[in-house]
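Subject: Structure handover

Hello,

Here is the structure for you to look over. My notes follow below it.

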Amino acid sequence: MSMNDRLVALRKFGKTRISSFNDGSWYAQVDVHVTTLGASLEIKSDYDCKTPEQALTQLEDRVRLATSLDTNGKIEKKE
């Protein structure tokens, strides 16, 4: 899947962006849609990713983990 397709797929979770810094490092972030008043959720890659691909892959991994947690913070078993 292309980076464009992957970014578009992440949009179902919220506002998605990928950025670079002056030192050449990259990071990616999703501001997740939350319906609870006064609540917000950000899922981010590390700020020191060497490539945009690395930042995006790390973000996708973290989104998958965050969306598999139950309300007690434990990973739900998918059957």
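A residue is called buried here when its relative accessible area is under 20%. By that cut-off, five of the seven residues in β2 are buried, and the strand is mostly covered. Please keep in mind that this is a predicted model.

**Overall layout**

The protein chain has two helices and three strands. From the N terminus, the order is α-β-β-β-α. Of the 79 residues in the chain, 24% are buried. The exposed surface comes to about 5800 Å², with 52% of it from carbon and sulfur atoms. Take the contacts between residues at least 6 apart in sequence: 28% of them join residues at least 24 apart.

**The strands**

β1 covers residues 14–20 and runs antiparallel to β2, with seven bridges between the two. One of the pairings sets S20 against W26 in β2. The two strands form a hairpin with five residues between them. G24 sits in that turn and has a positive phi of about 95°. On to β3: four bridges join it to β2, again antiparallel. Here Q29 stands opposite K44 in β3.

**The core**

Which residues make up the largest nonpolar core? There are 10: L10, A28, V30, V32, I43, C49, A55, L56, L59 and V63. α2 gives the largest share, four residues. C49 is worth a look in the viewer. Leaving out residues up to four places away in sequence, C49 touches G24, S25, W26, Q54, A55 and Q58.

**Salt bridges**

In general, side chains of opposite charge can pair when their charged atoms come close. How many salt bridges are there in this model? The count is six.

- E53 pairs with R6, with the closest N and O atoms 2.7 Å apart. This pair links distant parts of the chain: E53 is in α2, R6 is in α1 (residues 3–10), and 47 residues separate them. R6 has a relative accessible area of 10%, so R6 is buried. E53, at 37%, is partly exposed. R6 and E53 also belong to a salt-bridge network with E60.
- D31 pairs with R17, with the closest N and O atoms 2.9 Å apart. This pair also links distant parts of the chain: D31 is in β2 and R17 in β1, 14 residues apart. D31 counts as partly exposed because its relative accessibility is 22%. R17 is partly exposed too, at 26%.
- R64 and D61 meet in a salt bridge at 2.7 Å, N to O. Both lie in α2, three residues apart, which is about one turn of the helix. D61 is partly exposed, with a relative accessible area of 41%.

H33 lies in the loop between β2 (26–32) and β3 (41–44). Is H33 buried or exposed? Its relative accessibility is 57%, so H33 counts as exposed. H33 still has contacts beyond its sequence neighbours. Setting aside residues within four places, H33 is in contact with R11, K12, F13 and G14. H33 and F13 are 20 residues apart in sequence, yet their C-alpha atoms are 6.1 Å apart.

Best wishes

Note on methods:
Residues are numbered from 1 along each chain as its sequence is written. This is a predicted model: local features need pLDDT of at least 70, side-chain atom pairs count only at pLDDT 80 or more; totals for chains, interfaces and linings use all residues. Side-chain values use heavy atoms; hydrogens and water are left out. Buried means under 20% relative accessible area, exposed over 50%, partly exposed in between (1.4 Å probe, protein chains only). Contact means heavy atoms within 4.5 Å. Accessible areas come from the Shrake-Rupley method with a 1.4 Å probe; for residues, only the protein chains shown count as cover. A nonpolar core is a set of buried Ala, Val, Leu, Ile, Met, Phe, Trp, Tyr and Cys residues joined through side-chain atoms within 4.5 Å. Two strands pair if DSSP finds at least two bridges between them. A salt bridge is a side-chain nitrogen of Lys or Arg within 4 Å of a carboxyl oxygen of Asp or Glu.
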